[in-house]
Amino acid sequence: MSRHCFTYGSLMCADIMAAVCGLELAGEPASLDGYRRHPVRHEAYPGMVPMPGHAVAGVLYRNVPPEAIARLDAFEGPQYERRCVTVQLPDGGTLAADTYVFRPEFASELLPGDWDFERFLREGKPRFERQYVGYDRL
């Protein structure tokens, strides 16, 4: 059964999402209340953790097939757990979606402050793509 997937880091980039999933998916803006996105030490990607009073802007991909979810699980690795959350859509509606939350046992790897997507696009994406060459063959 297909699932919806809320992304908030490198997977907000349609080309990276397509490479990881093995197919192109259309994304749309969405946000998640009650969470905060932090930089991860020595990495270009972020980790997201529950935090009341905060919200994370991201991209929602609808109807992600099971094979692509399995590839996302492998890509995200042991630092993250897939969790079902309720995201907010720009029209005020809500939708249940899977997302990847940073596991508490790895919290020491999170840096203070907010992860910056625009900075990732400018500076982190090329480094990320070099580091993670091969993720398109998951």
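Strands here are DSSP runs of E, at least two residues long, numbered from the N terminus. With that in hand, a reminder: this is a predicted model.

Let's start with a loop. Pro 90 sits between strand S4, residues 80–88, and strand S5, residues 94–102. Is Pro 90 buried or exposed? Exposed, with a relative accessible area of 66%. Now look for Glu 28. Along the chain, Glu 28 and Pro 90 are 62 residues apart.

His 42 has a phi near 65 degrees, which is positive, and His 42 is not a glycine. Find His 42 in the loop that joins strand S2, 27–39, to strand S3, 46–64. His 42 is exposed, at 67% relative accessible area.

Asn 63 also is a residue other than glycine with a positive phi, near 55 degrees. But Asn 63 lies in a strand, S3. Asn 63 is partly exposed, with a relative accessible area of 48%. The cut-off for exposed is over 50%.

On to the helices. Two packed helices are described by the angle between their axes and the distance between the axes. Take H1, residues 14–21, and H2, residues 66–76. What is the angle between H1 and H2? About 105 degrees, and the axes are 8 Å apart. The range for roughly perpendicular is 65 to 115 degrees, and H1 and H2 are therefore roughly perpendicular to each other. Which residues make the contact? From H1, Met 17, Ala 19, Val 20 and Cys 21. From H2, Ala 68, Arg 71, Leu 72 and Phe 75. By class, that contact has seven nonpolar residues, one charged and no polar.

Last, helix H3, residues 117–131. A straight helix of 15 residues would span 21 Å. H3 spans only 18 Å between its end C-alpha atoms. Where does H3 bend? At Gly 124, by about 65 degrees. A proline, Pro 126, follows within four residues.

Which residues of H3 are buried? Phe 117, Phe 120, Gly 124, Lys 125 and Phe 128. Note that Gly 124, the residue at the bend, is on that buried list. A lysine is there too, Lys 125. As for spacing, an α-helix has 3.6 residues a turn, so residues three or four places apart point the same way.

How values were computed:
Residues numbered from 1 in each chain as written. Predicted model: local features only at pLDDT ≥ 70, side-chain atom pairs only at ≥ 80, totals over all residues. Heavy atoms only, no water. Axes fitted to C-alpha atoms, helices over the stretch in contact; angles between N-to-C directions. Parallel < 35°, antiparallel > 145°, perpendicular 65-115°, else oblique. Contact = heavy atoms within 4.5 Å. Nonpolar A, V, L, I, M, F, W, Y, C, P; charged D, E, K, R; others polar. Expected span 1.5 Å × (residues − 1). Bend = angle between axes of the 7 residues up to and from the residue. Buried < 20%, exposed > 50% of the residue type's maximum accessible area, 1.4 Å probe, protein only.
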